[in-house]
Amino acid sequence: MAEPKERKRGRPPLIMLGYDPDATETHWRSEEGIPSPAAMVISAIRNSLFREAAAELAGISKQCLYDWLQRGRDHHEDDPIDPADQPYVYFADAVTRAERRSEFEIVVAWKNMALEDWRAGKELLARRHPERWGPSATRVELSGPGGAPV
């Protein structure tokens, strides 16, 4: 694992703003009513924003976001979490869960829409089971000599 960059100023890393290892669910809380950048990213992704847009909303660069995620994912599951890496590990996990939760809710809404519009059901089945419900992979065209009509 790469050594973290040494901070030139006395401020803690942005990911630490509002970080509370004892907090439930996301481990970040608002400071004086203002959500931390990490909490904003998690919430935005949970509400279906793409990662880059979530980073912009939170006021961090997309590279910062990807650095936080990579540092969190560098942790091996069976190893104890180094206290310095703990917020990054929790953040990477929270982002993954937020993406899955968002996807789940959209699929449920899509499925519910299929009860009102058969095309939504057809499309859902075609994506879920393309071998049975997708467009036919084999197409047969009948034509006469030189491609003329039969």
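**A pocket, an aromatic pair and a core**

Helix 4 gives the second largest pocket the largest share of its lining, four residues. The model is a predicted one, and the volume of this pocket comes out at about 170 Å³. Its lining is made up of Ile 45, Ser 48, Leu 49, Phe 50, Arg 51, Glu 99, Ser 102, Glu 103 and Ile 106. Sorted by class, that makes four nonpolar, three charged and two polar residues.

Helix 4 turns up again in the aromatic pairing. Searching the whole structure brings up one aromatic pair. The partners are Trp 68 and Phe 91, with ring centres 5.4 Å apart and planes at 90°, so this counts as an edge-to-face pair. Trp 68 sits in helix 3 (residues 62–73) and Phe 91 in helix 4 (residues 86–114), so the pair ties together parts that are 23 residues apart in sequence. Are these two residues buried or exposed? Trp 68 is buried, at a relative accessible area of 6%, and Phe 91 is buried too, at 0%.

In soluble globular proteins, nonpolar side chains tend to be buried together. As for Leu 65, setting aside neighbours within four places in sequence, its contacts are Val 41, Arg 51, Ala 55, Ile 60 and Phe 91.

Technical notes. Residues numbered from 1 in each chain as written. Predicted model: local features only at pLDDT ≥ 70, side-chain atom pairs only at ≥ 80, totals over all residues. Heavy atoms only, no water. Phe/Tyr/Trp six-rings, centres within 6.5 Å; stacked < 30°, edge-to-face > 60°. Helix = DSSP H or I, 4+ residues; strand = E, 2+ residues; numbered from the N terminus. Buried < 20%, exposed > 50% of the residue type's maximum accessible area, 1.4 Å probe, protein only. 1 Å grid on protein atoms, 1.4 Å probe; cavity = no way out; pocket = protein on both sides within 12 Å on 5 of 7 lines; lining within 4 Å. Points joined across faces, edges and corners; volume = space filled by probe spheres on them. Nonpolar A, V, L, I, M, F, W, Y, C, P; charged D, E, K, R; others polar. Contact = heavy atoms within 4.5 Å.
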